[in-house]
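Reader: Could you walk me through how to read a few features of a structure like this one?

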Amino acid sequence: MPDVTLVIDGQTVTVPAGTNIVDAARVAGVAIPVFCYHPKLKPVGMCRMCLVEVWTPKIDPVTRQVVIGEDGRPVLALMMGKLQPGCVTPVGEGMEVRTTTPKVRFAQKGQLEFLLTSHPLDCPVCDKGGECPLQNLTMQFGPSMSRFDYDDKIHFEKPIPLGDLIYLDRERCILCSRCVRFQDDLAGDPVLGFDNRGRAWEIISQSDPPFDSKFSGNTTDICPVGALTTADFRFRARVWELRPTPSICPHCPVGCTISLDMRYDRLMRVMPRENEYVNDIWICDKGRFGMRFIESPERLRQPLVRKGDALTPATWDEAMTLVAEKLNAIRTHAGAAALGGLASPDLPNEDLYLFQKLFRQVLRSPNLDCCTGAPGESEIVDLGATLGVGKGTNLSNLGAGTAVLVVGADPEEEAPLYVLRLRGIVARGGDLTVINPYPTKLDRTPARVLRTRAGAETFVALALLKVLIEENLIAADFVARRVQGLDDLKARLRNHSVASLCEAADVAEDEVRAAARAFAQASNGIIMYGRVALAVGTDLIDALADLALLTGHAGSPNNGIIPLIPGANARGALDMGVYPGAGKKRGLKAREMWTAAREGRLRGMIIAGMDPVRDNPAVAEALDALEFLVVQDMFLTETAQHADVVLPTASIAGREGTFTNAERRVQRFRQARIPEYNTPAGWDVAQRIARSLLSIGVKPAAPDGQGNGSNAQRTSANAAGATVSLDQWDYVVAGDVADEIATRVRGYADTTYESLGLTRKPQWGRQPNEAVFYDGTSYENTEGVGVQIAADADNPKAMFSLRARVPSQIDINSDRPYMLLAAPRAYDGRAWSRDSKLLPRMVAPHLLLNAEDAAVLDVAPGSLVRIVSEAGSAVLPAQIDRRLPRGLVLAPDVNGAPLSAVQTGPLTRIAMMAHIDETVETR
Amino acid sequence: MIGALFKGLGTTLRYLFRKPVTVEYPEVKRPVRERFRGRHQLKRFANGLERCIGCSLCAAACPADAILVVPAENDPAAPNSPGERYAARYEINMLRCIFCGYCEDACPTNAIVLEHQYELSFYDRRSSILTKDDLLVPPDKGHGEIPPILERLNRRPSPPAQIDL
């Protein structure tokens, strides 16, 4: 866009054409007061606070030329003869804006006086007080006296709940519509609206349940007054008393940059921290309201040791001695392979690294995994390390010229903030294709929706590949340089036409062709795959990799694949090598460990931060068969109840560490408080176990023996002597572990705490503290935006081969005509939800059926349905979703859903019947 | 030399017959000035509700960081104070307090008043922290009238009327 030069309060600035005056003034360092305008939202010009004098060059009506005055300069005329709202007036060449003239000051005073006529001025009790734009602007621009009588103020009933989480105080509301526009435009949940007129104008929620959005908390941040407050933070503290600690949300693979706002050692609220590479200035409600588990009274306080049937409190010394003796005994009499370890993919990198080091180096066992081994759990097929989005990717800059394929994923439930990111790309002109067997919230975005037959997503991906080949849309240059096996792929697809592949997946051929063309012709291409894609399996993921390769959307910034693997730090777990194939010797997978435990081949286990019994009660039997089980967790989970030793750990508030997000951005979180009940961090627990083992004479493997297999070690760092001290297990702080990760784990060289803290750069606030100006609150990020680590494809010499192949058709089983798919849910009611205000929103176990299927089975909403598979059966209440395709049954994967009893794999064929309650019959 | 001695003793003798300026302190107490700033009290309204709304402005104004306020939400059925918010905890560390009276100035409801009690000694540091129970006046007295000094200066107090009371 051409640039426009204008003068604002005597300063000449050059900004792109189309910029509004408020933004242009910010570039010049001039603050025009605003209420309804927000740089992340479209301007509407509702509050009239930004009125300014706009002088434009006078045009002669006859000659259509600029009138030149006697001094040789254009004659200026006041635009429209009156003040103009700066937020909706675009800049023009030669324009002069005056923001401090008496006329403007008079308008600003009058505007504030009017806004305050119906404002209760209860700042002392208002939670926004101290970070309130209305307060700030009244002090700066407002009149010192009001001519209106206090008794004439409109009074409403004090806060009414807009939902479970957000309270509305209608007296304080200045009707700027920021919240309505955020929900409509950015979040895509148009649940708020205006009601009534005139002085009775008010914000209402239009949804049932009220304010049904996963992003509702953000409206309280951008509310320029205290009208919207969160139930979580109401009257907890004044904002100036808070100590914001930089942290990272531990709930999903987005890894939102957040602040834990502490008062003394109590968590008061969770706020977003600006990071345009990850979450802009937004976070989802799960991150904002789902942190109360940190201070739960149910937290473990000291180690528990099994004495007889009961777990009894013990000291750390007792527990560690017992752990070391038992593990060493098992290792001596049954071999190291009789030991296994499971670590949760929600743990930070430091914990995962030392956990695998404990196993590979000290215990010398290769049996490590980051899965629970439940029957419905899919194999983790990871493209992030090889074809992940290139270093330097920034989704918030992408728009026109970008095509995104979302395959088998429900971002709203798996990684909620990606909904905002993807909607942003579409709003800026990007192209979005959603390939999923069931409707998700992304469908509400203007997107090409390909509703496939469940389990047949691979055929859509293959059809896309076939279109690329047929229509010659292949990025020939990239393929020639870096891709092998194109001829083989063509041969494998020879016998299939686009039409036949589309038919196999039950999607429209022209839509598939349009999607393929859009993706191939876009300059930036991103593929996101999620839980359903993982459930479908390797064939689909291979085809997606080939799609990225053939179109050349790999190995450069803003191009590549974003895998949404379950677990907040699954990326880190894979990078740290917490999976069986990572070492030189292949170990047992989680599922194999359960079999081995039942058969007595596996005798001892350490389970860190994971609760496999919760998802799969059948595991309890395997755990009881073990000689010795150590569980490390924050809570006494169902798994911990089977343990011989339970070790408490600190939450993210009580320690520091790093997480790696889905886009492979490593981010650091800081310690927000002294550890709750003095519990050690997870890495320290691993270190204590290792030290106890070493102290009773266990000989560790040579440093080279411990390794990350495919993640080839940097051998130079292991040169003689240089790292000996690192293998003494003398880490004092988490930074010591991070330093070792930086030298040992491939790609993490630049992720020491020093370098992570150095990645600061001015973000969306073009001016210092711009966020404070617009929102009253500061999203200031002092801890850096993190470091994105390179994928294999970022190396220009890396070669890739095409591996897509046509799977056999899905067999239709007439005995079990329905396909059961576990659907991820953000509000799954698991350990994180303790004490949270989100508890009423937690999804109860149920089945989602198509309306016709329900009619055939004579099932009404809420009635019980029995599902039967080869593995077993379960009874769940049914809910009906008209948009669900026939034959597909969704079972939300939530706490208490008896899925492991039924599932035979990620995709399960089931029979279904209305359940007749036997207790009723006998009565 | 002798003369000087008698002159000095003469002064002593003279003062023997004057009215003493000292008082027998514990038994006799000297009244303090009206504007004397002593131990704090948390006042109530005439209807018995606490004036303190837990806004923490006193704590923010306190130069010695002597005040701790932990707010909470009023139960609408049985409110502690008018409005939505009240102080669930209100503590002043009297060893930290410098009796500057800034908390009085900051208080939007005239809830905290530095009264005339000056006998502040403690057997241990912990008991120097006065809790809300210690500070709050009993419901039947001391209804937190506007301090006389403010009335005399004919200055409007910080406006309690503006907080919908």
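This is a predicted model: local features need pLDDT of at least 70, side-chain atom pairs count only at pLDDT 80 or more; totals for chains, interfaces and linings use all residues.

Reader: Which hand does the crossing of α2(A) and α3(A) have?

Author: α2(A) passes α3(A) in a left-handed crossing. Helix α2 covers residues 102-117 of chain A and helix α3 covers residues 133-141 of chain A; their axes come within 10 Å and cross at roughly 140°.

Reader: What word describes how α2(A) and α3(A) lie to each other?

Author: Angles over 145 degrees count as roughly antiparallel, and 65 to 115 as roughly perpendicular. α2(A) and α3(A) are therefore oblique to each other.

Reader: Which residues in α2(A) meet α3(A)?

Author: From α2(A) come Q108(A), K109(A), L112(A), L115(A) and L116(A), and they meet L134(A), L137(A), T138(A) and F141(A) in α3(A). By class, the residues of this contact are six nonpolar, two polar and one charged.

Reader: Now sheets, please. In what order do the strands of the open sheet in chain B run?

Author: Strands pair when at least two bridges are found between them. In chain B the order is β2-β3-β5, three strands with antiparallel pairing. At the edges are β2 (67-73) and β5 (129-130) of chain B, each pairing on one side only. Seven bridges join β2(B) to β3 (residues 85-93) of chain B. As an example, A72(B) has Y86(B) in β3(B) as its bridge partner.

Reader: How many residues does each chain give to the contact?

Author: Chain A gives 13 residues and chain B gives 16 residues. The side of chain A that touches chain B has seven nonpolar, one polar and five charged residues.

Reader: And finally, into which domains is chain A divided?

Author: Here is the division of chain A: domain 1 (3-100), domain 2 (316-374 + 573-708 + 712-745), domain 3 (384-563) and domain 4 (818-922). The C-alpha centres of domain 1 and domain 4 of chain A lie 59 Å apart.

Note on methods: Residues are numbered from 1 along each chain as its sequence is written. Chains are lettered from A and ligands numbered from 1 in the order in which they are written. Helices (H or I, at least four residues) and strands (E, at least two) are DSSP runs, numbered from the N terminus. Two residues are in contact if their C-beta atoms, placed from the backbone, lie within 7 Å. Ala, Val, Leu, Ile, Met, Phe, Trp, Tyr, Cys and Pro count as nonpolar, Asp, Glu, Lys and Arg as charged, and the others, Gly among them, as polar. Axes are lines fitted to C-alpha atoms, for helices over the stretch in contact, and angles run from 0 to 180 degrees between N-to-C directions. Angles under 35 degrees count as roughly parallel, over 145 as roughly antiparallel, 65 to 115 as roughly perpendicular and the rest as oblique. A crossing is left-handed if the near helix is turned anticlockwise from the far one by less than a right angle, and right-handed if clockwise. Domain bounds come from an automatic or database domain assignment.
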